[in-house]
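Me: I'm new to this one. Can you walk me through a few spots once it's on screen?

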Amino acid sequence: MNKNDSFGRKVKREITRAMLERLQSMDLQKSMAMFGAKEPVIYDDVEETLNVAYVNRDEVALAMDIFKPKDDGGKELPVIIAIHGGGLFMGDRSLERPYCRLLAHKGYLVFSLEYRLVPKAILCEQLDDVCAGLDRVGQMLVDYDVDFSRIFMVADSAGAYLAAYVTAMHGSEKLQNAIGHKPSRMVYAAVGYISGMFYTNKTLQELIYGDRRNDEKFLKYMNIEHPEIIQNLPPAFLITSCGDTFNNYSIKFNQALKKRGRTSKLVYLGNEELQHIFPITNPEHPRSLEVTDKMLAWFEQQADIRRDSRKNDSAMDNKRAENIKRIASGEFNNMKVWKSIKERTAYDEKILLRTALVDCTREYTYEQMFEEWENYARVYSALDICAENNSRAALCGVISAETVFALFGLNMTGAEVSLFSYPDFLPGGMWKTMIEKEKITDIIIADIMVTPEIREEIEKIKEKLGIRNVIYMHSLMGGPTVGPAELTYNELNYHMLRRTNGAVFMNDLLEKYQDENIKLDESEGDRVAFIAHTSGTTMGTRKPLPFTDKAFNEGVSVIPKGFRSFIEGKDDGKPITILQLFDFSSVMALSAQLCSGFAAGERIIVTYFGFMHPKFIRAIDYYNVSVLMTTGFMVDKWLDRTDIDDVDFSSLKVVGMSGGYISPEKMEKYTEFFRKHGFKYSITSAYGTSETGGKQIFAPKENKEDILGYVENSEEVRIKDEKDGEFYKVEDGPRTGVLYMLSQGHCENELDNVKLFEYTKIDGKDFLCTHDLVRVNEDGSISFAGRVDKYFVNNSGKEFDSGLVDMNMAEHKAIDRCAVVPVMDKRIHDTVPVLYVVPAKKGEDAVSNILKAFKDVYVKDKKIEPKNLPTQFMIVDDIPINANGKLDIYRITRERLAGDAYNLVPVLDGKKLIDIKCEHVEKTNSFTAGTIPAGMENNSAYNIFDIFNADSTSDKKDTASGNNFFNGFDPFKPWKMFMPDINMKDIFKSVEIPESVKKDVLKYGNRISGLSNGRKWIDHDFEE
C-alpha cells in the first residue's frame, strides 16, 4: 500500500513538473495578452541596459535589467527594485520591462531582478536568489548618483509574496533561521505590491516547499500574516482592481497590516476590465498611470517621513532626557495613573504611533488606546461612576483590551477600581462576599464569566446591596492561545446574554454616550485608585490591597527605563514586547507588567486567559515576545510537556522569575529549558511582596548560589534578629532573622477604616513583616531560611495544630521522629504543613509503613481531625536538633534536607475521612503540589489552570492545530466549570448559532492562510 502511495505521488509530481515546464516554454508575451498586455512604449529619455548577469545558481544564470533616466538634472536619483510575478513557476523580468521604462521615465533608477522558477528551485531558494540580486544592486549603487533615503521596491503577483518575505527577513532573525538563507542588507523606505498573490501556501506544497514541507519550524512562518513577518515590513502600498482575480488577497493583507498598526495604503479600482497586474501588462492605460502616480507620490511621502524622523531624533533625545528628569523628580507621581502614563509617553509622536496593545488579532497604537480610555470614561461619566459619586467599581475582566480600557477609563473619572479575578467566579468563588465586604457600588464584568446562574445571582446582589450599575463587556478571542471550544462558547454565551432582559452591554453604551463630557478627577494621587488582591484570604475573602495613585506611580518610577534596565548586551532600541501573565487583580500583572510597560512606551500582549491556558506558551514565539515574567510553578508545568519542542524563545531578552524562593538546582533546570528553546541570556530572579508593590531583592545573573539576592536599597530592608529581637540593616553584618520590607509604593493597610494587616514602625517608617526567616551572609547577600510560623494558620484564622500532629505521629511505631514544617504555597499565598519524617525502619517498606501510621492516627484511632492532615510528608535520614534539644524546623528549611516527597490525598465520604492515599512527587522548595488544607480548597488562583490543563500529559494529538498540543483536551471540559449540571454537547447540538456568531468566530478565530476566496466583486473605487 505504501509503495502504491509513493508511486502515485511520484507520478503526480512528474506530471505536474512536466506541465510547469510546458507552461514555462510558452511565449510569455503571447500568454500575457489574456491579461490585457499591450505593445510596449519606448521612451527616448530612458537609457536601458539589459541582461546584466549577477549570479549563477545550479547552472542557471540570473541577470537583471537596468533602466535609468538619460538626464538626471544633476540630482540624486531615487531607486526602485522590481520583482516579477508568475505564480512562482512562470514569468521572467522581460514582463516588467514596459513598466520599468515608465518608472525610469518618471525619474527613477530601476533594477529588475529575476529568480529560478519552481520546480528548478523551491521557495527558500527563490528567496535566496532575490536576496543575492538585491545585494548586487546595493554594490552597484555606488556607481550611480542616488539618494539612499529613497530606495523602494515594486513587486507584482507572486513577486509580491517574495518581496514581503525578503524585506521582513532583514529585521527578523527568527525568519532568517527558519528560511535558512541570509537576508539582503538593503533597506527600503516603502514597498509597492501590485495584485499581490499573498496567500499561496496551500497549493503545490510538495514542489514549492520541497523537503521543507514537513518542517514545522519552517511552515509556521509560511502564513503571510504571521506577526514575525507583519511586524518587520516597510510601509506598504497595495494596488488591485475589480477585474483582478486575486483582489481579495490585497484587501485581506491590508487589513492584516492595519490590525497590527503597520503603515499601509490600499488603492482599489472598480473597473472590471482592469485585470490581474494591470499596471504591469498595460502601464499606459489612464487608470494605470493614475494609480502609479499615486504610488510614487506615497513613496516620496514615506521617504520624507523617514528622513524627518531622523532629523527629529536629536531634538527628541533632548525631550526624552528631560522626561527622565521629570520622572526622577517625582513630578509624575502626584497625578492620576492614567495621566502619569500619558505624560510619560505623549511627548513623543513616534510613541503615539507605536503599538501599545495587542489583543488576539487586534492592535492599538498609543494614540488609539488613549482615545479608547476616553471613550470608556465618557460612559462612566454619563452613569456617574466617578469620584464625585464616591464610586467603587468591581472590574471583573479577562485579560483583554476591553478590560484595559475599562480600567483606565475608571481611573480618569476617579472611581476606585477593585480588580476581581477569573477564579473568583468559579463554583465556590468569593465574588459575592468580596462585593459586599468591599462596598462595591458598580460592577463591570466580562460576559464570559456570566452563566445564567451567575447572572441570576448578580441580579440578587444588585437588589440586595443597591448596586447602581451592572455592565457586561464582550471581548473578541483569537490568535494562537485559544482553541475552537472557547471561541464558540465565547460568541454563543454573548448572544445568549444579549437576549436576556435588562442586560446592559458596554458596546451599546459606548455608542450611546460617544458625545458625553468626561468628568475628570483632578485629584493629585492621594486617593485609592486600585484595589488589587492576593490569592490568600482575609476575613473570608481574598486579601484586598488598596493602592493610591501616588503609591502606584512610585512603584512604576523606581526603574525609569523599565525592563530595558535588565537587557544584557547591546539594546537595539526597538520597542520591547511584554507578555501579560496574570489577570490584573495581581499587583505583578497590574504594576510590574501593564503600567510599567505603558509608562516606558512598550508593547503589551494580552491573551484572554493568560498563563492558565495550555496554549499560552505559544504566544512567546507567535508575538515575538521580549520580556516574560514567570513563576517556578508555570515553568515546572512546561518542563513536563512533550508538545512544545518547536516553540522558539530566541526573541526573549529578559526572563524574570518570581513567586518565592527558587533553589539553585531548580534555576539550573529552568535555564537549561529556556536555552534549549533558543533563549540566549541569563534568567533574572527577584523577591518582593505584593503589599510593597513588587521586587526589592534581586539575584545576580548567572547566580549559582543558594540566595534570594542582594538588596537594591538597604534603607528599605530590616532584619529582626532571631536572638535579641532587635532590627538591623543588611550592612550591619551576618545574622539570621525575620525579613521586614519598606517601599514608597506600598499599599494602604486599611480599607473603609477596617484594618487589613499591620505595618511595623521602624525608625518612624512603616515596614511590612514578610514572615520569612532569612540569613544575611558575609557578602551582603540574603538567603532564604524558612517561614516564621510555628504552626499553620489560615489568614481567616483556621489553625493547623502542628504540635498535635508531631506528638501523635511520633508515637507511632513506624516513625522514629518527625516535625511539621510550614512551606510557602503560592497557590494560596500562605504556608502549608509538610511533615518531615525519619522512619523507624528504612528501606522499601518505609513509605507503606508511614502511610499506615497516617491511617492509624487519622482514620482508625481518630486521634486527629482530618483538617489537620498535612499536605505532604517527606522521608529524610535525620532531623537536626537545636541548642535546647528540640527538633529545629528552621534548620530543616535552611539546610534543604534531601528526601523523597509524597502528597497526601484524603478519601472522604461526605465529610467523613475513610482512607488516605499518597503519591510520590519530586521534591519541591517553596511550593508544594499536594492537598490544600481543609477550608482553603477554593482559594487557589490555580484551580482554573488545573481545569484547562487536565490530562495535559497524554499523547493524544490536537487535530485542530496540527500540533501535539492540547493533548487529550476535552473541548467542553473548561466550560463544565461554568455549567456543571448541563451537558455542553447537547447545547451545541440543540442551539442554533446565529450567522453573525459564525462570522465572528471565523473572523477572529485562528487564521488559516490560503483558504480565503481570491476575488471580491466591488465595482467602485475606494482607498484605505
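Me: Which residues does W638 touch, not counting residues up to four places away in sequence?

Reply: W638 touches F616, I617, I620, L628, I644, F673 and F674. Contact here means heavy atoms within 4.5 Å. This is a predicted model, where local features need pLDDT of at least 70 and side-chain atom pairs count only at pLDDT 80 or more, while totals for chains, interfaces and linings use all residues. Residues are numbered from 1 along each chain as its sequence is written, and side-chain values use heavy atoms, with hydrogens and water left out.

Me: Which residues touch the most other members of the largest nonpolar core?

Reply: W638 is one of them, along with L357, W373, F408, F598 and F674, in a core of 139 residues. A nonpolar core is a set of buried Ala, Val, Leu, Ile, Met, Phe, Trp, Tyr and Cys residues joined through side-chain atoms within 4.5 Å. Buried means under 20% relative accessible area, exposed over 50%, and partly exposed in between, with a 1.4 Å probe and protein chains only. A second, separate core has 72 residues, including L123, A164, M186 and L207.

Me: New topic. At what angle do α26 and α27 pack?

Reply: Helix α26 (residues 802-810) and helix α27 (residues 846-860) pack at about 120 degrees, and their axes are 10 Å apart. Axes are lines fitted to C-alpha atoms, for helices over the stretch in contact, and angles run from 0 to 180 degrees between N-to-C directions. Helices (H or I, at least four residues) and strands (E, at least two) are DSSP runs, numbered from the N terminus.

Me: And which residues make that contact?

Reply: From α26 they are V805, N808 and M809, and from α27 they are A853, F854, V857 and Y858.

Me: Where is M430, and is it buried or exposed?

Reply: M430 is in the loop between β12 (416-420) and α17 (431-437). M430 counts as buried because its relative accessibility is 11%.

Me: What about N390, buried or exposed?

Reply: N390 has 62% relative accessibility, so it counts as exposed. N390 sits in the loop between α15 (366-382) and β11 (392-396). Its phi is positive, near 50 degrees, and it is not a glycine.

Me: What is the phi of N51?

Reply: N51 is not a glycine either, yet its phi is positive at about 60 degrees. N51 belongs to strand β1 (residues 46-57).

Me: Last one. Is the peptide bond from V118 to P119 cis or trans?

Reply: That bond is cis, with omega near 15 degrees. P119 lies in the loop between β4 (109-113) and α4 (123-140).
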